[in-house]
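Hi everyone, thanks for making time this morning.

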Amino acid sequence: MQRRIAIGQISHETNVFSPIQTPLQAWKDRGFALGQDVISKLKGSKSAIGAFLEVAEANGWDVIPTIATGATPSAPTDAETYAYLKEQLLAPIREGKPDAVLLAVHGAMQAEGVPDPEGDLVKSIKEIIGDKPVLLTMDLHGNITREMCENTEGVFAFDTNPHVDGYERGLEAAIALKHIFAGSIKPVVAYAHPPMMPPTINMRTAEGPMVELFTLARQWEQDPGIINVSVFGGFPFGDVPHAGLSIVTTANADKELAQRCSDAIAARAWEIRDQFLKKIATVEEGIEQCLALLDEDGVGPVILADVADNPGGGGSGDTPELLRALLAQNIPGAAAAILWDPETVAQAVALGVGKVGTFKLGGKAEPNYGAPIGVQATVRAITDGLFNPRGPVGRGMQWNMGTSVLLQVGNTRVVVSSIRIACNDADVFRSMGIDPVDASVLLIKSRGHFRASFEPLARKIIEVDAPGAANPNLDRYTYKDVTRPLWPLDR
Ligand SMILES: [Zn+2]
């Protein structure tokens, strides 16, 4: 029988503390494909959609492409944009009557008036296709609801943080679908959520508490009845009743087994919750530690990670406090990326390469996170901001920083972009003519994803607690809608 599957992606990590709005244009800025364009743009890519297409082709399934888009983390998208995105997903499903749907979502999305869009999307799909399967690939930073789990036949979250396995999880989901079609499995999904919402700073899968939880997940997956165990660390900048860590198990027909697995790992997460907490340096301490390291012998740059302004977690990418402190030191060979500041880019482009101007760097999106830095700077380079990062996160896919400039402020070179993205690959610097290996200090606006590319070349990474929308110190924020009591807010 000729199978027909619908594929799609709507993915956003929503940060309610972010000053950055999420209109339709924000989705279009980061890659946006409808209908056949989904196939022409993503076929062969090392993404979840690329994997869906590969397995579909190998099995001779007809593909109904819907929408593929994802916006950089920011505030909840507006109701009108959400309704539009949803309709682009649902209309081809209504018309094409697929036998199954493979969907790549994040899990921590919010839209105006819709606290759980992923749950809303799968429920709406089920209203069209009935009990036919819907399988999801997700980000391990998802805030998951029971309702979403009840409307899906399989959840396949990233097993890596930094996330480098979107393609592999896409393969896993699509191959599970193949087994469903063959009648050899009948998946059920079970959910557990202990009352905890860890900060994301210590959620990497190479060290810290996630290692133990993932080891448990892999052990449970040895049970022939279990198809996938997804450990969601959650996203603490989404102020929703379901925010926080959850464990989602997909098992073959055995709901009781799935629930037992989710409950057991959730219980262990609760026991080791304090391991998720991490004290990080203040701006002053970070600069001090950096200067001390530069006085010693060592190879490679010292990295100052501006984790609280990670655009990949909803940061504006333009907070000035750590950059201000670095510029004040005027360290030879220092560089910073990526400051999101379209105004400064336009001004530098108008001036031209080699010219000197007076600029107000950053501090424009949210005055509470610090005022702009007044500087005199030389325009060293102007680029279109398009490049293909070769590190494990980018995997050769094109990234777009928009028109970008390199400014020299004293000894420090600052990469300024007009599109807001996190500095998650060392090729960001190379694309602007800087060899990151030769730098003395690199200020990087990212929380954790930069590590996959930068850790091998860095002398040391210092995470800094500066003002911003994605600070690991959750006590800096006022929550309204999370379910209390919730660790670590209520300790
Ligand atoms: Zn994530």
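Strand β1 and strand β4 (residues 100-105) run parallel and are joined by 6 bridges. When I say that two strands pair, I mean that DSSP finds at least two bridges between them. The strands and helices themselves are DSSP runs numbered from the N terminus, with helices being H or I of at least four residues and strands E of at least two. To find this pairing on the screen, look for Ala6, which stands opposite Val101 in β4.

Before going on, a word on where this comes from: it is a predicted model, local features need pLDDT of at least 70, side-chain atom pairs count only at pLDDT 80 or more, and totals for chains, interfaces and linings use all residues. Residue numbers start from 1 along each chain as its sequence is written.

Back to β1, which also pairs with strand β3 (residues 62-70), in the parallel sense and over 7 bridges. There, Arg4 stands opposite Asp62 in β3.

Now some helix packing. Helix α3 (residues 48-59) and helix α7 (residues 166-182) have axes 7 Å apart and pack at an angle of about 35 degrees. Axes are lines fitted to C-alpha atoms, for helices over the stretch in contact, and angles run from 0 to 180 degrees between N-to-C directions. The residues making the contact include Phe52 and Val55 of α3 and Leu171 and Ile175 of α7. Contact means that the C-beta atoms, placed from the backbone, lie within 7 Å. By class, the contact of α3 with α7 has 9 nonpolar, 4 polar and 2 charged residues. For those classes, Ala, Val, Leu, Ile, Met, Phe, Trp, Tyr, Cys and Pro are nonpolar, Asp, Glu, Lys and Arg are charged, and the others, Gly among them, are polar.

Next, the sheet of 3 strands, open and antiparallel, in the order β7-β9-β8. Its edge strands are β7 (187-192) and β8 (226-232), each pairing on one side only. β7 and strand β9 (residues 246-252) are joined by 6 bridges, and Ala190 stands opposite Thr249 in β9. Helix α9 (residues 255-271) lies across β7, β8 and β9, at about 30 degrees to β7.

What about the 9 strands that form another open sheet? Their order is β10-β20-β11-β19-β12-β18-β17-β14-β13, with mixed pairing. β10 (281-282) and β13 (356-361) each have a single partner strand, so one side of each is left without a neighbour in the sheet. Inside this order, β14 (residues 373-383) and β17 (residues 404-409) pair antiparallel over 5 bridges, with Thr383 opposite Ser404 in β17. Helix α12 (residues 342-351) lies across β13, β14, β17 and β18 (412-417), at about 175 degrees to β13.

Finally, the domains. The assignment gives domain 1 (4-276) and domain 2 (281-471), with bounds coming from an automatic or database domain assignment. Their C-alpha centres lie 31 Å apart, and the contact takes 20 residues from domain 1 and 23 residues from domain 2.

Key: Two residues are in contact if their C-beta atoms, placed from the backbone, lie within 7 Å.
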